[in-house]
Amino acid sequence: MRTRPVVPVLAAALAVLFVASLFTGRVWLPPREILGGTGDAAGTELARLILVELRLPRALLGLLAGASLGLCGAVLQGLTRNPLAEPGLLGISSGAALGAVIAIYSGLALEVPLATPLLGLAGAFLTALLTLALGRGGGMLVLILAGSSVSGLMLAGTALALNLAPNPYAAYEISQWLLGSIADKSWDQLALAGPFMVIGCALLMGTGRALDALALGELQARSLGIDLPRLRLRIIAGTALAVGAATSITGAIGFIGLVAPHLVRHLVDYEPRRVLVPATLCGAAVLLAADIGTRLLPLDQELKLGVLTGLVGAPFFIALVLRLKRTAP
Amino acid sequence: MIRLAAEGLSFAIARRRIVWNVAFEAGGGEFIALIGPNGAGKSTLLTLLAGLAPPTVGRVTVDGTPLAALKAAELARRRAYLPQNPRCDWPIPVERLVALGLTPSLPSFGDFDAEDRRRIDAAIAACDLEAHRAQAATTLSGGELARAMLARALVGDPHLLIVDEPLAGLDPRHAIDTVRRLRALAVEEGRLVIAAMHDLNLALRHATRVWAVSSGNLVADGSPREVVDAPLLQSLFDVPARVHADADGEGARVEFG
């Protein structure tokens, strides 16, 4: 059973991207200046502010959100044994988005600090409960259908909020937020969502053996001692925590959860359990790379992260469909 | 040695009786062939015995303990179950597929230890899969996959092995190999093996006991030579049947039509 050094290589790449993320932006900060002033005091202070108050939380948020999306995508693909499953499958990201949109729509976001992520989290948890209640007692197909119907409901609510937006400014705010970004997020937001993402990822990380057994189908997995209802509950809870928290801060960032597992799966012999850690690292790396991309593209207005991942991810998705068409009978 | 027993075992869906009032006692050392026509309730009976469906009435006990009272992981360590036409959804290598049989005893994280590897190697060798070790399971032929799945079931060294049509899709040589292996597990190693089979000639020659199922009822239970005769087969399968004893007295040949 040969193993490739997949995890160390991905971890190294992620570390490089993390550092690169600290140094790229509109303002070029020479590493020398950041590491301990050679320039004048005011310049060093500005550099410190940009680094500590803007870029560090941005890079950390990118790391956590990307990891959450990549891991959750891998877990859901393993659970459903469907390579096209992604973190939005259970309706949780649409629920988080609706909660956040309600905060912006109602004006609460302007009055209460952290109203947007708090309502986003509430939306994520309520959606998870709704999907769970609808899918309860049924099999995998019922759960997927429950997720997509709940997702449809949440998307309709979001569209309603845009439609009824009290003023053009609110509509603009909502649509900008929905595009998805990790720019200009505060340490407070990170401190709120960070622990949820870490706990959610820990829950999802523990599903490996069950996902492996599920490769043999539900009946054989049960014969191997896997408690499927408990597994589904754990995955829904983990997704609500990790992806719900990520989405409530960043907005919708598509395709990373779908693509990251596919980028690494062939490196670990397609084993669902061994996909988890590489997919987590890969999700974080892809998100950070895309975010660096938004800052490097020479455009008048910075491209939103969600737009860039969509532009790059959709062709990848199409390629995946074409490959499936060729290999599937 | 393990003891398996059922009393008043019944299973119904929407008031339709699938399994009706089955009772038996069986123990390690027996290789039981489950025979009967399509739709007789063989597969349902096997899932009930494996503890994968709750009986409507009655119960199954392992060494006196009802299946329902056993923890899923503990039951999984003692019995292995293979459904009909098992398949694998990801193209994982055969040796990893076989290793999945160790799931109940593996820790949540970490790789296999030396003992696990020894068991995996032994199961792969026993099922004649060395040439396919690194091959993706989804690219195996039907018969090769059936052997890989059997190795998956054997790797954990279960005391109770329940297999639904293990010979489906196997060529004559591998069918004979498999049925001999099932018999050896029972007779030489003291395991209890219960297998649904359609190849009656192999069942009569190698099984130590035959269960005939018809419309959910256990209509015959005993050693192959005692219970399998032309009238039973005729009533089970609804075609004229003849049974010729083999010259060596070990088995019999069944002819239909």
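1. Which residues in H6(A) meet which residues in H7(A)? On the H6(A) side they are Thr127(A), Leu130(A), Thr131(A), Leu134(A) and Gly135(A). Their partners in H7(A) are Val142(A), Leu143(A), Ala146(A), Gly147(A), Ser149(A), Val150(A), Leu153(A) and Met154(A). By class, this contact has 8 nonpolar and 5 polar residues, with no charged ones. Please keep in mind as you read on that this is a predicted model.

2. Now for the geometry of that pair. Helix H6 of chain A covers residues 115-135 and helix H7 of chain A covers residues 140-163; they pack at an angle of about 140 degrees, and their axes are 8 Å apart. The two helices are therefore oblique to each other, and their crossing is right-handed.

3. On to the nonpolar cores. The largest one has 118 residues, and Leu79(A), Phe31(B), Leu161(B) and Met197(B) have the most contacts inside it. Helix H3 of chain A (residues 41-80) gives the most to this core, with 12 residues. Another core, of 33 residues, lies apart from it and includes Ile32(B), Val62(B), Ile162(B) and Ile194(B).

4. Phe31(B) is worth a look on your screen. Not counting residues up to four places away in sequence, Phe31(B) touches a list of residues that includes Val179(B), Leu182(B), Ala186(B), Met197(B) and His206(B), as well as Arg183(B) and Arg209(B).

5. Lastly, Ala23(B) is found in strand S2 of chain B (residues 16-27). It counts as partly exposed because its relative accessibility is 47%. Leaving aside neighbours within four places in sequence, Ala23(B) is in contact with Ala6(B), Glu7(B), Gly8(B) and Leu218(B). Its C-alpha atom is separated by 9.6 Å from that of Ser10(B), 13 residues apart along the chain.

Terms used. Residues are numbered from 1 along each chain as its sequence is written. Chains are lettered from A and ligands numbered from 1 in the order in which they are written. This is a predicted model: local features need pLDDT of at least 70, side-chain atom pairs count only at pLDDT 80 or more; totals for chains, interfaces and linings use all residues. Side-chain values use heavy atoms; hydrogens and water are left out. Axes are lines fitted to C-alpha atoms, for helices over the stretch in contact, and angles run from 0 to 180 degrees between N-to-C directions. Helices (H or I, at least four residues) and strands (E, at least two) are DSSP runs, numbered from the N terminus. Angles under 35 degrees count as roughly parallel, over 145 as roughly antiparallel, 65 to 115 as roughly perpendicular and the rest as oblique. A crossing is left-handed if the near helix is turned anticlockwise from the far one by less than a right angle, and right-handed if clockwise. Contact means heavy atoms within 4.5 Å. Ala, Val, Leu, Ile, Met, Phe, Trp, Tyr, Cys and Pro count as nonpolar, Asp, Glu, Lys and Arg as charged, and the others, Gly among them, as polar. A nonpolar core is a set of buried Ala, Val, Leu, Ile, Met, Phe, Trp, Tyr and Cys residues joined through side-chain atoms within 4.5 Å. Buried means under 20% relative accessible area, exposed over 50%, partly exposed in between (1.4 Å probe, protein chains only).
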